[in-house]
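Let us walk through this structure step by step.

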Amino acid sequence: MSERIHYKNIDELPEIALSVGSTRVLKTGSWRNVKPVIEDKAAPCTKACPIGTKIPQYFYHTIEKDLDKAADILLEKNPFPAITGRVCPAFCQIGCNRKRFDERISIREIERFVGDYILERGYKVKNLPSDTGKSIAVVGSGPAGMAAAYYLRRAGHKVTIYERESLPGGVLRYGIPPYRLPKDILDKEFEMLLNMGIKIETNRELSKDLDLEELRKNFDALFIATGAWIEKKMKIEGEELFLSGVHFLKEFNTGKDISRFKGKKVACIGAGNVAMDVVRTLKRINAKPEILYRRTEAEMPALEEEREKAKKDGIPFHLLVLPIKAKEKNGKTVLTIQRMQLGEPDSSGRRRPVPVEGSEYEEEYDFVIKAIGEESDRKLLPPEYLGEDGWPYADKKTAATKVKGVFAGGDFIQGPSTVVEAESWAQKAAESINRYLKGEDLTIKESVPKTVSYMLIKTDYFKKEKAIHPFELTVEERINSFEEEVKTLSDELAIKEAKRCFSCGYCNSCGNCFVYCPDMAVLWKDSRPLIDYDFCKGCGVCASECPRGIINMV
Amino acid sequence: MEKLKTREKKVLYGNHAVSYGVKVSRVQVISAYPITPQTPVVELLSEMCGKKELNATFVNVESEHSAMAVCIGASISGARVFTATSSQGLLLMHELLHWATGDRLPIVMAVINRAVAAPWSIWSDQNDTISQRDTGWMQIYCESNQEVLDSIILAYKVSEKVFLPTMIVLDAFILSHTAEPVEIPSQEEVDNFLPPLVLPWALDPQKPVAIGAVVSPSGPYMELRYKIQKAMEKALEEIENASLEYESITGRRWGVFEEFMMDDADTVIVVSGAISSTFKYTVNEIRKEKNKKIGVLRMRVLRPFPFVKLREILGDRKRIIVVDRNISFGSGGVFFNEIRSCLYNLKRRPKILGYITGLGGRDITPKDIYDMIEDAEKRKGEEDIIFFGLKEENINL
């Protein structure tokens, strides 16, 4: 390798030691006793998301303005980002590491932005596997049923959805009011599902014009997700005078005339999401709704943002009150209302309301709507499907019922919850059905990636910047119309907000490791770092300068 | 254009005199880490860079070690570079000081002489620079703020001739934070005096080389050391040449020595740094009062050490008093030891006495100097070390 150069005299000898041979022959990597390993980890938002949306990953492509790639990544986990981008309680945002630095990322708003792009573009699901020859029936076309159909179709099965109503969508169509989720969004989502080759048969109701045993015979597997539509009983005198919250919403959402409520004083018992939808819908038709709730604001099951909007809409909240009797008087309903106080915590961890003796009073309402929670129809399935508690049963991890080949999930099993949780049931069910059809064990052995905690984020590399919030209608504008009240972020703002993301655990090619490596042992290949172990001495600078905790020293 | 031709006169702190010297030398890369009492040097430079008065890249770093590493990297790419530090900061640079020399890089650094911890002291003595005397850096000790500014310009001139780095040394506070009138030569004058650096081994990405790679015992390691020594010897000549040329432009001459009342002196006080002024003042007074034949030799250059000239100047004197504001523990004053060894081979040797004084910034007053001279007159010259100015009240608490 080396060659001796002879100099005539000392003056000819250069002043410094220069070597023109390459030092690459010295594999200095052999000096190492620890080595860096590049390993993408789970971001806490992804971890918090029931369907595991790869948030930093699709943000990366959003920032790069490659919305097609962003859409494809989003669609791997979430069939309806335009819907969840509007109505999701955004568990991801609660998990976001950035909230400890300045303010959480408006993840839902970026999801909505990409979701709207997908509505324009269509699914264009790439590499749909060839037909497996298996057919699956999905009963119910709410979020769980729709999502299951999507996942199963992506796995190459034939899918038929059965729906008892004349239009598909379940709670998305008949529950959520249009100012939160416009119907044309829902219609477009179904158009995309149909374009994937999914069949939908409407006006088919289980145990009426649809036989469970026949479905079992005709299909290779079943997924049942008929939701929770039965209003719970209060078990008080005069309860039959009350209307049901879900039925009120359904009436409104099917376009029926609800003008009889106009100008009327309406009590809404309960403070869940249905209750909020009821009072906020009533407010928009110029009725005078009021919330009656037996606990305090802190215990309310409704989403905080819906609760706050209802308050800003000018809807009175009567707290620590419980109707205990109702009677009719001149076509109106007179409620006997008991005042309550908070006692010891109950099984839900919330403090139990206890009656205040002798505090009853009467109040007259034109209408009383009950929205205290919904349950599923336990008469829908034969006894062999029910759990020990007498309710329809499915395993939490596999969505398998007690009957082979039949799976179930969503509100039907869990009781009223959220769209994304329904999707999560669908995801589990689809995975189980794939395994079931291959004759595999249903138990999913999850390899859980490590989550990147805030401690691993090198916050010196970020500057404080407030979150971007979407444009919203003013209170005056919204209480007089059913126009969607929150708007989608513009391209510019969505990208700006995505850029705030720490990208916890996901390499976004920032190049710090490449720049800081003192031995030039971080190579750059296809915009990603690659450790050159021939020359990496294991100093750990790359790991300590990675802003997002991707490099481990092992 | 007119501005380039104008000399300016300003009242400047020693630290800012450094900054102006750097500015007119058209330094291209500056990297430094702040330390008391050096900070104003780089504060003003960063301001000059920010205002684009000085077209240099200013690199912030997290330590002096990194500052010197940046200087080495920038210098070896062919840029004219500068840094400044003091005391502990200089000590932290130590390893890289050798590297700068070994790569033969003409880096110039201002060092504000500050005592070394422990215990903490921020005041002036020479132990920080003295402990770097074997790193192969030239060391120039200044007495005034004008000399500081001129020495920066001169240092680039000499360093870039012989390819060795230079420290320009000034006393903490006494120079660094004291203002004096200083004349800044015009940009045109400096440009003519100091052409752009041409480093023959500047890195060229088209021709990759490894610099400073390992050399075996049979390889030219020792020969390269020999060349450094030869360059140091040549630097003595270059310092004289540069100082003559500079004098022809500015009228100010800064050679290897400054001789004060030396013509007939049989007793010579050898001293360096800002305290030299006090010695010159006192000697002048003594001469007026007592008709003693006494003179002052101010040493500007410790490295390269001016053996030949020193022997010429000191050889036939009666008594030499060397004042050291530093100490090599277990040995003695460094100027003293080196001068004593320099004179050893003479046939007739003067009596030579070494005084350690002014450590940790302790003041040296004309009264102290009177006492020191009186003390020296009583001594026979048998001592290897004399501590002068220990305070009784600090001992008998």
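Start in chain A with helix H12 (residues 273-284) and helix H13 (residues 304-312), whose axes come within 10 Å and cross at roughly 25°. That angle makes H12(A) roughly parallel to H13(A). Angles under 35 degrees count as roughly parallel, over 145 as roughly antiparallel, 65 to 115 as roughly perpendicular and the rest as oblique. Axes are lines fitted to C-alpha atoms, for helices over the stretch in contact, and angles run from 0 to 180 degrees between N-to-C directions. Helices (H or I, at least four residues) and strands (E, at least two) are DSSP runs, numbered from the N terminus.

This is a predicted model: local features need pLDDT of at least 70, side-chain atom pairs count only at pLDDT 80 or more, and totals for chains, interfaces and linings use all residues. Residues are numbered from 1 along each chain as its sequence is written, while chains are lettered from A and ligands numbered from 1 in the order in which they are written.

Back to the helices. H12(A) and H13(A) cross in a left-handed way (the near helix is turned anticlockwise from the far one by less than a right angle; clockwise would be right-handed). Which residues of H12(A) meet H13(A)? They are Asn273(A), Met276(A), Val279(A) and Arg280(A). On the side of H13(A), Glu306(A), Arg307(A), Lys309(A) and Ala310(A) take part. Two residues are in contact if their C-beta atoms, placed from the backbone, lie within 7 Å. The residues of this contact divide into three nonpolar, one polar and four charged. Here Ala, Val, Leu, Ile, Met, Phe, Trp, Tyr, Cys and Pro count as nonpolar, Asp, Glu, Lys and Arg as charged, and the others, Gly among them, as polar.

Now take another pair in chain A. Helix H2 (residues 55-63) and helix H3 (residues 67-77) pack at an angle of about 165°, with their axes 7 Å apart. H2(A) and H3(A) are therefore roughly antiparallel. Their crossing is left-handed. Among the residues that meet are Tyr58(A) and His61(A) in H2(A), and Ile73(A) and Leu74(A) in H3(A). By class, the contact of H2(A) with H3(A) has five nonpolar, three polar and one charged residues.

Next come the strands. Strands of a sheet pair through backbone hydrogen bonds, either parallel or antiparallel. In chain A, an open sheet of five strands has the order E5-E4-E3-E6-E18, with parallel pairing. Two strands pair if DSSP finds at least two bridges between them. The edge strands are E5 (199-201) and E18 (406-408) of chain A; each pairs on one side only. Strand E4 (residues 158-162) of chain A is joined to E5(A) by three bridges. In that pairing, Thr160(A) has Lys199(A) as its bridge partner.

Strand E13 (residues 332-345) and strand E14 (residues 351-355) of chain A run antiparallel, joined by four bridges. Gln341(A) stands opposite Val354(A) in E14(A). Five residues lie between the two strands, and Gly349(A) in the turn has a positive phi of about 85°.

Finally, look at where the chains touch. Strand E1 (residues 18-19) of chain A pairs with E9(B) in the antiparallel sense over two bridges. There, Ser19(A) stands opposite Ala210(B).
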